[in-house]
Amino acid sequence: MKKLGTKIMLLAVIISLTISSVLGASTLIGLGNLKDATLELHEDSLDKHFNETLKNEVELATSIAKHFSNDELSGASTHEVAMADAIDAIDHMKFGGSKSFNILTKDGVAVLYGQDPSLVGQNIKDTASSDGQKVFSEIIATAVSNETLGGYVDVPSLFKVDGSNETSPARVYAYYFKQFDWVIYVYDYTDFFAIDSETFTLSATNTVNDIVLIIAIFLAVFLIVVIIISLIIGRKLTKPIVAITEASMKLSTGDLTFGAIQVKTHDETRQLAKSFNKRIMNIRDMVQESKLV
């Protein structure tokens with residue numbers, strides 16, 4: 001049979017393990033949800049910033065086109081001169097370090113095409129990417145159908161990465177400038193956006209793993225402390241009961257030489273010890289009286 005102190009310790013350990021498991025599981029679930037929410041918020045923020053950057057660049061080019069269009073309206077220049085001056089000014093602009101602006105007519109003729117200037121003057125509306133997407137046709141349709149706001153088009157494969165013949169997924173923002181019948185657009189590669197997102201995901205995962213490790217260490221220390229405390233309390237609680245048990249075993253053999261059971265606590269155990277001591281005294285008195293008869 002297991003000792004009472006051991007049973008008390010095991011009970012405390014079981015309760016502690018249950019509490020630790022519940023706390024650990026709920027914490028892990030909470031951390032997982034927090035990580036997912038943080039990643040989603042970060043990706044939304046990156047996506048919003050990515051889109052706004054493209055839009056701001058096109059708006060800058062559009063403002064230049066409007067400037068030369070106003071010159072035409074004021075009579076300071078002809079329509080052809082205004083468009084030529086706008087093309088020249090926009091052609092000298094760069095965004096994102098090296099990427100160029102691009103201009104198509106609504107019919108699909110390349111007016112300005114930074115990646116391949118040889119295509120200027122050619123109709124590229126029906127040019128398709130490797131997966132069959134008619135990118136330029138879609139860009140024109142998106143811009144014209146959203147004349148006041150412009151629009152975005154995701155392109156899986158068409159635009160070549162600078163300095164190579166490989167294409168990379170990109171996102172286009174296009175705006176229809178009605179005065180010159182132009183669709184002005186820029187694009188940027190979305191794989192760099194994905195790399196940034198993956199870097200943040202890795203950082204968030206590492207942070208969560210560090211927190212989990214700290215929680216695991218805390219729970220292990222908590223369990224060790226509980227075991228130590230339960231041993232101390234168990235020993236303190238069972239000491240008088242063990243003493244009464246040992247005295248009872250001696251009594252069963254007729255041994256009355258043991259002393260009174262001393263209990264310092266102020267609970268039922270002390271009352272039990274007092275009752276036991278009183279009974280032993282009565283038995284000793286009875287034995288003493290029987291010797292005198």
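A cavity is a set of points, on a 1 Å grid over the protein atoms alone, where a 1.4 Å probe fits but cannot get out. A pocket is an open set with protein on both sides within 12 Å along at least five of seven lines. Lining residues have an atom within 4 Å of a point. Grid points are joined across faces, edges and corners, and a volume is the space filled by probe spheres set on the points.

The structure is a predicted model, in which local features need pLDDT of at least 70, side-chain atom pairs count only at pLDDT 80 or more, and totals for chains, interfaces and linings use all residues. Residues are numbered from 1 along each chain as its sequence is written, and side-chain values use heavy atoms, with hydrogens and water left out.

A search of the whole structure finds one cavity of 30 Å³ or more. The largest cavity holds about 30 Å³ of space. Its lining consists of Lys236, Leu237, Pro240, Thr265, Asp267 and Thr269. Helix α4 (residues 190-252) gives the most to this lining, with three residues. Helices (H or I, at least four residues) and strands (E, at least two) are DSSP runs, numbered from the N terminus. By class, the lining of the largest cavity has two nonpolar, two polar and two charged residues. Here Ala, Val, Leu, Ile, Met, Phe, Trp, Tyr, Cys and Pro count as nonpolar, Asp, Glu, Lys and Arg as charged, and the others, Gly among them, as polar.

The largest pocket contains about 220 Å³ of space. Lys236, Lys239, Pro240, Ala243, Ile261, Gln262, Val263, Lys264 and Thr265 line this pocket. Four of the lining residues are nonpolar, two polar and three charged.

Five strands build an open sheet, ordered β2-β1-β5-β4-β3, with antiparallel pairing. The edges are β2 (110-113) and β3 (151-155), each of which pairs on one side only. Neighbouring strands of the sheet are turned by 25 degrees against each other on average, direction ignored. Axes are lines fitted to C-alpha atoms, for helices over the stretch in contact, and angles run from 0 to 180 degrees between N-to-C directions. Two strands pair if DSSP finds at least two bridges between them.

Strand β1 (residues 102-105) runs antiparallel to β2, and three bridges join them. Leu104 stands opposite Ala110 of β2. The two strands form a hairpin with four residues between them. In the turn, Gly108 has a positive phi of about 105 degrees. Val155 has Ala170 in β4 as its bridge partner.

Asn102 belongs to strand β1. Asn102 is buried (under 20% relative accessible area; exposed is over 50%, partly exposed in between; 1.4 Å probe, protein chains only), with a value of 2%. Contact means heavy atoms within 4.5 Å. Not counting residues up to four places away in sequence, Asn102 touches Leu112, Tyr113, Gly114, Gln115, Val183, Ile184, Tyr185 and Tyr187.

Thr142 lies in helix α3 (residues 135-145). Thr142 is also buried, at 15% relative accessible area. Leaving aside neighbours within four places in sequence, Thr142 contacts Gly151, Tyr152 and Val153.

Asp181 sits in the loop between β4 and β5 (182-189). Asp181 is not a glycine, yet has a positive phi of about 60 degrees. With 26% relative accessibility, Asp181 counts as partly exposed.
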